[in-house]
Each structure stands twice: as C-alpha cells, then as structure tokens.
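User: Could you walk me through how to read strand pairing and a chain interface? I'd like the general idea and then the case at hand.

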Number of protein chains: 2
Amino acid sequence: MTEDEFSHDSAHARPFIDAVIGMRLAIKQFYHQRIRKSEMSDLTYEMFQVMVVLWNKREANQQDLANAVQKNKASLTPLIDNLCKRDLVTRSTDANDRRNNVIRLTEKGKLYERYIHPIQKEFYELLLSEIDEEDLNAVTRILNKLVGRVSTE
Amino acid sequence: MTEDEFSHDSAHARPFIDAVIGMRLAIKQFYHQRIRKSEMSDLTYEMFQVMVVLWNKREANQQDLANAVQKNKASLTPLIDNLCKRDLVTRSTDANDRRNNVIRLTEKGKLYERYIHPIQKEFYELLLSEIDEEDLNAVTRILNKLVGRVSTE
DNA sequence: TTCTAACAATTAAACATTTAACTATTACTG
DNA sequence: CAGTAATAGTTAAATGTTTAATTGTTAGAA
C-alpha cells in the first residue's frame, strides 16, 4: 500500500462524518427558524430542547435533563438560568435530596407546549417526503448502533 | 384523531433527531479523546476540523474554510486566531482580492498531518466493525438527501 | 458511629457559535 | 466614470460548551 492509498483509505469515514454534521446543523437551523417565527420566539434551539423534555416529563432534576438532551451538566446551569430569567421554568432544591434541584414548568412555560406540535409535524412530514418511514427507522437504528460502538471506545 | 394521537404522531421524528445528535457527539468525543492523547494535544476538535481541510487543500480563504467545516464565517475568526496563536497556520491578505485572507499551514502545521491517519483509520474500522460498508454508504446517502430537503425549507 | 466515596450543581477559564452591523474591497450597472 | 450592490472578514453582544476543581449532600463501608 502506497502512502496515497493509505491516506485515501483512512479518510473513508469523512463523507459519513460530514453528513452527520450537516444533518444536525440542518435540524438545528430548521427548528430555530420555526421557533423564531412562532410565539416561542424568545427561545433558542438549546432552550427549546430542554423545554421539550419538560413538556413530556413535567419536572426533572438537572442531571436527568442534561442526560435527556445529551449535554454536559455544566452546560445546563446557564441554560436553566436563562429559562428562569424568561419565566418559563422554576428551580428549587429537592427536599428529599438536597444535592438535586427540581426544574418545573411555569404556567407560561406550559402554554408554550401548544406551539410545538405543528413544527414537529412539519419536520416529520418533510423527512417522509424524501424517504419512506422504513428507511428513516433503519437510519435511526444504525446510528444508535454506531453510537453505542463508538462511545465504548 | 384524539389529542394524544396527535401529539404522539408529531413526535415521530424525535428518535431520529436524538440519534443524529448522539452520533455527532460520539464522533466529536472520539476524535477529541484521540487528539488529546496524540502529539496534536494543543488542538480542539474544532481546530482539528479546520486543519483537516488545510492538510487536504494546503491553503484556502476563510470563506471556503467556513463552508468546508459547515461553520459560520464569524466563527472562523477566533478559530483561526487560535490556530495562528499556536503557530499552526498563517493568515495573509490575498494580493489578488483584498477582501480575502489566505490561510496557509506553517511547517509545524504540516508536521501534524502525520498524526491524523491512525485516528481516522481507527474510527473507520470501528464503524465497519458494527455495520457493513454498504450500510454505511447508504446512511451517508440518505442523510445527505435529507439535508438537501430540510435545508431548502 | 466515623470516615470515605460518590453524587449534583456550580464556578472559572478557555473555547466556540450566532446574529446583526460594520468596514474595506470588488463587481456590476447605467 | 459614478454610484450601487455584493462580498470577505471583523466586531459586539448574547448564548453555549468543555474541563477541572470545588462545595455541600448523601450513600456506603468498616
């Protein structure tokens, strides 16, 4: 194997990596644009991710939130600061375990939930306008499989 | 359709989105860990991405670099600042068009290229240890297809 | 019971990202 | 040629991310 072949071979993951990075960016930009044009326009995409978890679970500690949105605990502190500042959530110390904060939706935060469905529906239909559901599920499965493999290294 | 069914339906993209986010995070963490343990340990993953483009193209203007790594022009300014600070690249005004800067590798920057191949090779082999090459290429194609569709909206 | 280990959240420092506005430069139009 | 439009890069302000260290709290072991 010559040096050209070696370097060519080792770059075979590049198209895949670029595709993943591109997909994530496209998702973020899609949602960001829709959020900005909705009644939730004071939310960033990152805050929105946290809110989605809370709309589903109603309340959670910060560690669980961090896990759910796949972010670092330390990143959650300013994110939740900003959500509190916008009166969308409250943060209180968990009486049963004072290492934990409980994050809950405010009434304002609960109202925002109604704006999420049309955006999610639009996104999902956009995906299905391009590929069929079987392929979408297959890609999801394969990605999760790869995550599992890469994460253990 | 009841409200439960409506909200359930509109969240069908969620597993896919989570998988994409997880995959990107896994890629970043994989490379970051390997870079930190290599001779390139003064590089962040983001700087590494820029360097990869330069190792391939030898020199580029900032706009092309930004496009290649799928980042915002404004993000490139501090990134390249930091690469210059580490004496890995130089930045000079393009004599043919003074709106452009030309970014070039230094000798030190060129030396770093030798450390990239083992990492890329390891990552690629990791992927192929979990799925076959056909599936990897199929996922790549589908993601790029979806990016194209989502980006035009 | 005491001590150690583990855990949640925060902090500091460095790095990164986005938007909008700006400046200097170049291209294009009339 | 003059004026307008477009472009590359920078800046400011706000937001976000990571690592390591820290503090306070709880769990577990002896």
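Analyst: Happy to! Let's begin with one pair of residues: B:Val89 has B:Leu105, in strand 3 of chain B, as its bridge partner. Please keep in mind that this is a predicted model.

User: How many bridges join strand 2 of chain B to strand 3 of chain B, and do they run parallel or antiparallel?

Analyst: Strand 2 (residues 89-93) and strand 3 of chain B are antiparallel, with five bridges between them. Strand 3 (residues 101-105) also pairs with strand 1 (residues 59-61) of chain B, again in the antiparallel sense, over three bridges. There, B:Val102 of strand 3 faces B:Asn61. As a general idea, side chains in a regular strand alternate between the two faces of the sheet.

User: Now the interface. How many residues of chain B are in contact with chain A?

Analyst: Contact here is counted within 4.5 Å between heavy atoms. On that basis, 57 residues of chain B touch 56 residues of chain A. About 5,500 Å² is buried between the two chains, and carbon and sulfur atoms give 73% of that area. On the chain B side, B:Phe16, B:Gln70 and B:Val150 lose the most area, together 11% of what that side buries.

User: And which side chains meet in a salt bridge?

Analyst: The rule finds two salt bridges across the interface. One of them links B:Arg149 and A:Glu130, at 3.7 Å from N to O.

User: Which helix of chain B gives the largest share of the side that touches chain A?

Analyst: Helix 2 of chain B, with 18 residues. The residues on that side of chain B divide into 31 nonpolar, 14 polar and 12 charged.

Definitions and conventions: Residues are numbered from 1 along each chain as its sequence is written. Chains are lettered from A and ligands numbered from 1 in the order in which they are written. This is a predicted model: local features need pLDDT of at least 70, side-chain atom pairs count only at pLDDT 80 or more; totals for chains, interfaces and linings use all residues. Side-chain values use heavy atoms; hydrogens and water are left out. Buried area is the accessible area (1.4 Å probe) that two parts lose on being put together, summed over both. A salt bridge is a side-chain nitrogen of Lys or Arg within 4 Å of a carboxyl oxygen of Asp or Glu. Helices (H or I, at least four residues) and strands (E, at least two) are DSSP runs, numbered from the N terminus. Ala, Val, Leu, Ile, Met, Phe, Trp, Tyr, Cys and Pro count as nonpolar, Asp, Glu, Lys and Arg as charged, and the others, Gly among them, as polar. Two strands pair if DSSP finds at least two bridges between them.
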